[in-house]
Amino acid sequence: MTASPRPTTIALPYAERNAEMVGRLPGADIPWLRRLREDAIARVTREGVPSTRVERWKYTNLNALARIEFAVAANEPGTPAAVELPEFLSTGTAAFRMTFLNGAFRRELSDLSGLPPGASVESVADVLARDPQVLAKYLEDGDKNGVLTALNTALMNDGAVLRLAPGTSLDRPLLLVFLGGSADRPLAYHPRNIIVAGTGSRATVVEVHAPAAADAIYWTQPVTDVVVDAGAELRHYKCQQEGGKAYHVAATTVRIAEDGRYDSFALAAGAALARNEITVSLDGPGASCRLAGGYLGRARQHLDTTTEIVHAAPQASSRQMYKGVLDDQARGVFQGRIVVAPDAQKTDGHQSCRTLLLSDGAEIDIKPELEINADDVKCSHGATAGEIDQDALFYLR
């Protein structure tokens, strides 16, 4: 008797159960957005989320998300809940700051004073209320990137919108603080961030993801769209320190024009399950990106980093370096893919992953990939994993 093939998707009752939220979220009165949200929620309900039968999700199982009855966090009217910034942020950080609680912008915990001319920093909800067409392109294009991005489109309640006019520079970092969780019920929130760095502009953006309530069960699913125009430079740092019962599934899409530069560093140290997915397209000659990160796992944490860099134009360069330390029964995942298009001659792309295992129960799955369709390129990948070298430890001591 032939066994039935395992399904490639996992049903997500959460989407169908919260379909009525589409009419209560920001932009509900905008016809094109209402239609986009309804189509997206129908897609998620119909398709579910990827199972481990899908190659890019081979090592990360989302079954737990289907079992928990999350409620959608919305921009509720009335008195906002009391919340405090994490201690390391409340001591006077020299930065512009936007703070979000369960995905909703909290103006009283934010500070955007002193922005230079040419820099616009707003919440998604405010942009939808004032000039929604600004976001149309990003929301409509993003829905093509996969079912989880569609889920974000359907149920996003807020997020950050940074737009830099040509030649504009931020003299301080922009700090995006996302606090999540509720003491009384499992919540899910889906922030949407849009960053557009105009020609020749410069900026640093720092994301911080942390719990608002101790031991809260919550799921955060941020999607970030980044555009780096010709000659612009964007530094994008992320610190993920969610609570021990949280789930963090993030996706970032970056497009880089001629001579543009994108530098990223992502630290994963929190959450029961976390996935940080970055997709970069080098669209112009001379475009470059550098992706780096670290992951620190213990207990039974599952920390997944998945990247894809597409060299779509000639003479572009990319570097990837990820390092991690895993203890107890923690599991790490690194999937790094470089794709070189047929006309992308003079490509220079390299990636590396190194992991230190501190216990017999810790595990790392590494899958580096190169897909090269041009003949004049320099590409390489490497991966190492192992225990502490006892001789090196002896001399260190």
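Predicted model: local features only at pLDDT ≥ 70, side-chain atom pairs only at ≥ 80, totals over all residues.

Biologist: What volume does the second largest cavity have?

Modeller: The volume of the second largest cavity comes to about 60 Å³, and its lining divides into three nonpolar, four polar and two charged residues.

Biologist: And which element gives the largest share of that lining?

Modeller: Strand E16 does, with three residues, while E14, E16 and E17 are the elements that each supply at least two residues to the second largest cavity.

Biologist: How many cavities of 30 Å³ or more are there?

Modeller: The count comes to two cavities of 30 Å³ or more, and the largest cavity has a volume of about 120 Å³.

Biologist: Which residues lie nearest the centre of the largest cavity?

Modeller: Of the 16 residues that line the largest cavity, Ala266, Leu267, Ala268, Asn276 and Thr305 lie nearest its centre. Two or more lining residues come from each of strand E14 (233-240), strand E16 (261-268), E17, strand E18 (288-297) and strand E19 (302-311). By class, the lining of the largest cavity has seven nonpolar, six polar and three charged residues.

Biologist: OK, pockets now. How much space lies in the second largest pocket?

Modeller: The second largest pocket holds about 420 Å³ of space, and among the 21 residues that line this pocket, Arg56, Asn145, Gly146, Thr149 and Glu277 lie nearest its centre.

Biologist: Which element gives the most to the lining of that pocket?

Modeller: E15 gives the most to the lining of the second largest pocket, with five residues. At least two lining residues come from each of helix H6 (147-155), strand E13 (223-228), strand E15 (246-256) and strand E17 (273-282), and the whole lining has nine nonpolar, seven polar and five charged residues.

Biologist: Since H6 came up, at what angle do H2 and H6 cross?

Modeller: The axes of helix H2 (residues 31-47) and H6 cross at roughly 135 degrees and come within 8 Å, and H2 and H6 are therefore oblique to each other. The crossing of H2 and H6 is left-handed.

Biologist: Which residues make the contact?

Modeller: On the H2 side the contact is made by Leu36, Arg37, Ala40, Ile41, Arg43, Val44 and Glu47, and on the H6 side by Val147, Ala150, Leu151, Thr153, Ala154 and Leu155.

Biologist: By class, what residues does the contact of H2 with H6 have?

Modeller: The contact of H2 with H6 has nine nonpolar, one polar and three charged residues.

Methods. Residues numbered from 1 in each chain as written. Heavy atoms only, no water. 1 Å grid on protein atoms, 1.4 Å probe; cavity = no way out; pocket = protein on both sides within 12 Å on 5 of 7 lines; lining within 4 Å. Points joined across faces, edges and corners; volume = space filled by probe spheres on them. Helix = DSSP H or I, 4+ residues; strand = E, 2+ residues; numbered from the N terminus. Nonpolar A, V, L, I, M, F, W, Y, C, P; charged D, E, K, R; others polar. Axes fitted to C-alpha atoms, helices over the stretch in contact; angles between N-to-C directions. Parallel < 35°, antiparallel > 145°, perpendicular 65-115°, else oblique. Left-handed = near helix turned anticlockwise from the far one by under 90°. Contact = heavy atoms within 4.5 Å.
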